Amino acid sequence: MISKETVLAYVDGELSHEEALTVEAAMTSDPALAEEVARHLQLRDAAGGAFAAVLTEPVPERLLAAARGGPSERVARSALVRRFGPPHWAAMAACLALGVLAGYAIPSGPVVSGAGGLQARGALARALDGKLAADEGPVRMGVSFRDAGRAYCRTFRMDREALAGLACREDGRWAVRTLAEVRPQAGGDYQMAGSAMPPAVLAAMDQMMVGDPLDRTEETAARAGGWK
Amino acid sequence: MNAFQREMVELLPRLRRFARVLARTPADADDLVQLTVERALARTQQWTVGTRLDSWMFRIMKNAWIDETRARRRRDLVFAPEEAGEHVGDEGAARVERRLEAVEVERELARLPEDQRMAVALVLIEGLSYREAADVLEVPMGTLTSRLVRGRNQVLARLAEAGRPV
């Protein structure tokens with residue numbers, strides 16, 4: 001039995017790796033629990049979205065003046081810790097894997113739910129369009145290949161979000177077929193070797209790939225042709 | 001401007017956001033931000049270098065807000081009417097639905113008791129960890145988590161009642 005506190009701690013990214021696995025295991029056999037997690041994830045995003053506009057509003061001059069009007073110069077070291085993405089990404093990935101987030105768009109996230117399922121957008125969509133396998137960046141490409149319908153598919157990793165996945169070209173967009181969390185390795189190290197992929201992504205790739213992966217030349221040509 | 005002030009200027013958008021959750025109107029919220037900034041500047045010496053400035057300032061804002069609302073009650077003033085959604089900008093039709101949901105979530109958050117509203121805002125909107133949020137609110141972890149459970153389930157229940165489950 002998973003308590004309400006534990007459900008929320010899972011959604012908020014407060015659980016340890018082992019505790020999170022326990023919740024995810026329970027979710028697979030308890031649809032009601034999976035739905036509860038999904039509802040809380042959606043509330044979390046809706047709440048963030050509700051107040052997001054404030055951040056981009058111009059700050060009134062009187063507040064800027066108040067902040068500047070302090071005591072004279074003193075030494076203070078920056079202590080602001082920039083968070084690496086919302087803490088609930090892992091939970092989001094688990095819900096996507098279970099299909100309980102269907103029909104739901106993640107505000108400002110790398111995927112959006114469209115008529116044909118999840119689609120890549122923003123930085124992820126741009127990387128899928130333009131990056132080659134060895135390119136550096138916040139979104140890194142793994143393997144490119146063709147599926148049974150001759151459509152191009154690509155695996156990708158987003159280190160900041162600790163997510164990896166597989167997307168295929170469909171009607172001029174990148175349909176995200178698989179999305180999985182990149183788990184820390186033993187010792188808590190997220191920095192796995194460049195192209196390492198979670199087992200779920202590798203399994204999906206093995207299942208879908210027809211022929212060999214594209215080599216550098218083929219990949220470059222496919223990009224030049226707009227992945228058609 | 002010194003480094004402390006520069007960081008504070010950088011924090012202003014987030015301070016304004018947290019203030020919006022606490023205060024009922026954007027104008028009240030900005031007054032609260034100004035009060036917070038002034039208090040922070042007067043107490044610069046109390047801030048420990050190397051700790052998070054955002055948590056420290058949220059705590060000052062929380063206390064400023066409590067002082068302010070108590071003073072208001074003593075003066076027997078009523079709050080301005082709710083203006084949730086007032087700052088809905090000029091948006092495309094495709095975003096109206098999402099904005100509508102946001103407005104309703106915003107309204108339900110506004111109906112929560114203050115202690116729950118602050119806990120929910122710090123964790124869901126400001127992205128603080130439980131430990132950080134408990135420190136800002138100056139309550140034990142158990143108190144924080146029970147406020148989070150009650151507040152969030154309340155919002156979800158009311159949204160479902162209104163026929164708009166998120």
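**Entry 1: A:W227**

I started at A:W227, which is partly exposed because 18 other C-beta atoms lie within 10 Å. My scale for this: a residue is buried with 20 or more other C-beta atoms within 10 Å of its own, exposed with 12 or fewer, and partly exposed in between, with C-beta atoms placed from the backbone. I found A:W227 in the segment after α9 (216–224) of chain A. Its phi is positive, about 60 degrees, although A:W227 is not a glycine.

**Entry 2: ground rules**

I noted that this is a predicted model, in which local features need pLDDT of at least 70 and side-chain atom pairs count only at pLDDT 80 or more, while totals for chains, interfaces and linings use all residues. Residues are numbered from 1 along each chain as its sequence is written, and chains are lettered from A and ligands numbered from 1 in the order in which they are written.

**Entry 3: the two chains**

I counted elements next, taking helices (H or I, at least four residues) and strands (E, at least two) as DSSP runs numbered from the N terminus. Chain A has 9 helices and 6 strands. Chain B has 7 helices and 0 strands, so I wrote its order from the N terminus as α-α-α-α-α-α-α.

In chain A, 38% of the 228 residues are buried; in chain B, 38% of the 166 residues are. I call two residues in contact if their C-beta atoms, placed from the backbone, lie within 7 Å. Of the contacts between residues at least 6 apart in sequence, 54% in chain A join residues at least 24 apart, and in chain B the figure is 62%.

**Entry 4: the core**

Which residues have the most contacts inside the largest nonpolar core? I listed A:V37, A:F156, A:A167, B:A19, B:L32, B:M61 and B:L122, in a core of 95 residues. Such a core is a set of buried Ala, Val, Leu, Ile, Met, Phe, Trp, Tyr and Cys residues joined through C-beta atoms within 7 Å. Helix α1 (residues 3–22) of chain B gives the most to this core, with 9 residues.

Setting aside neighbours within four places in sequence, B:M61 is in contact with B:L15, B:F18, B:A19, B:L32 and B:T36.

**Entry 5: helix pairs**

For two packed helices, I write down the angle between their axes and the distance between the axes. Axes are lines fitted to C-alpha atoms, for helices over the stretch in contact, and angles run from 0 to 180 degrees between N-to-C directions.

My first pair spans the chains. The axes of helix α3 (residues 31–50) of chain A and α7(B) come within 11 Å and cross at roughly 95 degrees. The two are therefore roughly perpendicular, a label for angles of 65 to 115 degrees. A:R39, A:H40 and A:L43 of α3(A) meet B:R152, B:V155 and B:L156 of α7(B). By class, I have 3 nonpolar, 1 polar and 2 charged residues here. Ala, Val, Leu, Ile, Met, Phe, Trp, Tyr, Cys and Pro count as nonpolar, Asp, Glu, Lys and Arg as charged, and the others, Gly among them, as polar.

My next pair lies in chain B. α1(B) and helix α5 (residues 114–125) pack at about 145 degrees, with axes 10 Å apart. B:R17, B:F18 and B:V21 of α1(B) make the contact with B:R117, B:A121 and B:I125 of α5(B). This contact has 4 nonpolar, no polar and 2 charged residues.

Is B:E138 buried or exposed? B:E138 counts as exposed because it has 10 C-beta neighbours inside 10 Å. In α6(B), by contrast, B:A133, B:A134, B:D135 and B:V136 are buried. B:E138 sits in the loop between α6 (130–137) and α7 (141–161) of chain B, and has a positive phi of about 60 degrees although it is not a glycine.

I found A:L163 in strand β5 (residues 163–170). A:L163 is buried, with 26 other C-beta atoms within 10 Å. Its C-alpha is 5.6 Å from that of A:A180, 17 residues away along the chain.

My last stop was A:R121, in the loop between β2 (117–120) and α7 (122–130) of chain A. A:R121 is partly exposed, with 19 other C-beta atoms within 10 Å. A:R121 and A:A175 are 54 residues apart in sequence and 9.7 Å apart in space, C-alpha to C-alpha.

Note on methods
Parallel < 35°, antiparallel > 145°, perpendicular 65-115°, else oblique.
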